[in-house]
Amino acid sequence: MPAVVTVADVHKSYGSQEALRGIDFEIEGGEVFGVLGPNGAGKTTAVEILEGYRRRDAGEVSVLGQDPERAGSAWRERIGVVLQSSAMYATLTVSESLRLFAGYYRRSRDVGEVVRLIGLEEKRDARVRTLSGGQKRRLDLGLALVGDPELLFLDEPTTGFDPAARRAAWETIRSLRSLGKTILLTTHYLDEAEQLADRVAVLREGRIVALGTPAELTGAAPATEIRYRRDGEEVVVETDEPTRVLHELTSQALAEGFELEGLEVRRPTLEEIYLTLTLDES
Amino acid sequence: MRLFLHQLRGEQLLYWRSRESAFFTFMLPILFFVLLASVYGGDRIEGVKGSRYLLAGMLGYGVVATAFAGLAIGVVVDRENGVLKRVRATPLPPWLYIASLLASTLLVYTIEAVTLIVLGRLLFHIAVPHHLFSLALALLLGALAFAGMGMGLTAAIRTAEGSSAAVNAVYLPMAFISGSFFSPHSFPRFLRAIADVLPLTYFIRLLRDITLRGHEIWTRPGSVAVVAAWGLAGVIAALRGFRWEPREG
């Protein structure tokens, strides 16, 4: 199966400011691909090049077999877009908005079904302007889904959500994945990337500084950390052989009859790796 | 065609749902017509009954209110909301979006013009104008030309909040100076000098020549040319500066 999205050595500058300095990645069909990075790293620029909004300065891009810069209506039938900020008509109701957008597609999903999928059954006849921020964001997602796209672009879909709303949105995204949709998701939340993405590209200052499954990214990181306190002193052991070291430690403690107070064994989280990747200079 | 009708229905729903636009662009010309005709409709202006004279001016004012102001404000608000950007990501072709928007605007204006003429007949006993074909052609020309200017103006407006202010600042003085509400013959010389370059002046003159003085549209090529030239200038400005996306925050 050919890749749904291919990006090769893409560059983009705004004036003298380089937003993308040569990025490469591929997205397989049915995959949730996360683009993770701090604000200003180039996430939105990258996504908008794939959506056909921006022209790249250099490099090759293929999305669903076509160059987004030259793709037409038939290509747009197959993609769904959620922009970084909510964009909809304030005076229409939820179902009117969905019906309006559904009419743009030759093959669209049933509006009632989309309303259920985004959990806005009780608001279906409410005007968009009366919705909360989270509800608007869900309608945003609904508008992107109503054309039954194969490929979905979600630019920071949960920014500004409370924890419960984020979990609900994650469930929706997981259910889309199980329907076989390919999803490109940008986020600056690590847990979101870790929870949802099959693979993650970490973007920093217009470059991809790491790419892989969440497990690979954490696995590529150095040692496991073993921490405990002895006589009030904190002891930290970093090791690539946690089993052996831990065994020795506990044997010693048992033999000598002391306690490993506050014993902790931890793998570095994606968050620590991310901070290392995005903050450390050189 | 199905897509065009679908989008036209959507645009109509959006227009009538937005009370501000429906009031300021659709109701205001009707309200001004009834009020002003009640005040001086019985007087004689330039040899005709005041209400008849006013009706021609209000048909012109209605064009700038709906096709120019209403269209420009609506487009800027949708653009700055990000809705236009979002619509660009759907299979709806851009030209079809513009065509539906223009058709919707023409439909609103047609309802407006018929309402004005019928109200004039019922309330002020103004005979339905002769040369209806010429009048319809002139109104179509005006609606298209002012829609072109409205689209051109959107390129110059930066924010949704500023759109009503900017558009009203252009079109209300223009409507006044061009003689929508009163006869421009009573204006001081400097106002008439300004009026001489405004497209609405020529459009209203054309409407008065047709409805009051028995002309056909084709016997008034000068006025037609000025209105069309302004419309073309608007279209050129729109082609150069029309944006689908909001300004970067």
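This is a predicted model: local features need pLDDT of at least 70, side-chain atom pairs count only at pLDDT 80 or more; totals for chains, interfaces and linings use all residues.
**View 1. Strand 1 of chain A pairs with strand 2 and with strand 4 of chain A.**
Helices (H or I, at least four residues) and strands (E, at least two) are DSSP runs, numbered from the N terminus, and two strands pair if DSSP finds at least two bridges between them. Strand 1 (residues 5–14) of chain A is joined by eight bridges to strand 2 (residues 17–27) of chain A, and the two run antiparallel. In the hairpin that these strands form, two residues lie between the strands, and A:Gly15 has a positive phi near 60°. Strand 1 of chain A also pairs with strand 4 (residues 58–63) of chain A, again in the antiparallel sense, over five bridges, and in this pairing A:His11 stands opposite A:Ala58.

**View 2. Three strands of chain A form an open sheet in the order 11-10-12.**
The pairing in this sheet is antiparallel, and strand 11 (233–239) and strand 12 of chain A are the edge strands, each of which pairs on one side only. Neighbouring strands are turned against each other by 10° on average, direction ignored, where axes are lines fitted to C-alpha atoms, for helices over the stretch in contact, and angles run from 0 to 180 degrees between N-to-C directions. Strand 10 (residues 224–230) of chain A is joined to strand 12 of chain A by four bridges; in strand 12, A:Glu264 is the bridge partner of A:Arg227, and A:Val265 is the bridge partner of A:Ile226. Helix 9 (residues 242–256) of chain A packs on the sheet and touches strand 10, strand 11 and strand 12 of chain A, with a direction that makes about 15° with that of strand 10. A residue is buried if 20 or more other C-beta atoms, placed from the backbone, lie within 10 Å of its own. Of the six residues of strand 12 (residues 261–266) of chain A, the number buried is zero, so this strand lies largely in the open.

**View 3. Chain A meets chain B through 19 residues of chain A and 16 residues of chain B.**
Two residues are in contact if their C-beta atoms, placed from the backbone, lie within 7 Å. On the side of chain A that touches chain B, helix 2 (73–76) and helix 3 (94–102) of chain A are the elements that give two or more residues, and the largest share, three residues, comes from helix 3 of chain A. By class, this side of chain A has 10 nonpolar, five polar and four charged residues, where Ala, Val, Leu, Ile, Met, Phe, Trp, Tyr, Cys and Pro count as nonpolar, Asp, Glu, Lys and Arg as charged, and the others, Gly among them, as polar.

**View 4. Helix 6 and helix 9 of chain B pack at an angle of about 170°.**
The axes of helix 6 (residues 132–154) and helix 9 (residues 199–212) of chain B are 10 Å apart, and the two helices are therefore roughly antiparallel to each other, a term that applies to angles over 145 degrees. Residues of helix 6 of chain B, including B:Leu135, B:Ala138 and B:Gly142, meet residues of helix 9 of chain B, including B:Phe203, B:Leu206 and B:Ile210. This contact has eight nonpolar, three polar and no charged residues.

**View 5. B:Gly57 is found in helix 3 (residues 50–81) of chain B.**
B:Gly57 is buried, with 26 other C-beta atoms within 10 Å. Leaving aside its neighbours within four places in sequence, B:Gly57 is in contact with B:Gly179, B:Ser180, B:Phe181 and B:Ile204. Between B:Gly57 and B:Ala165 there are 108 residues in sequence and 23 Å in space, C-alpha to C-alpha.

Methods
Residues are numbered from 1 along each chain as its sequence is written. Chains are lettered from A and ligands numbered from 1 in the order in which they are written. A residue is buried if 20 or more other C-beta atoms lie within 10 Å of its own, exposed if 12 or fewer, and partly exposed in between; C-beta atoms are placed from the backbone. Angles under 35 degrees count as roughly parallel, over 145 as roughly antiparallel, 65 to 115 as roughly perpendicular and the rest as oblique.
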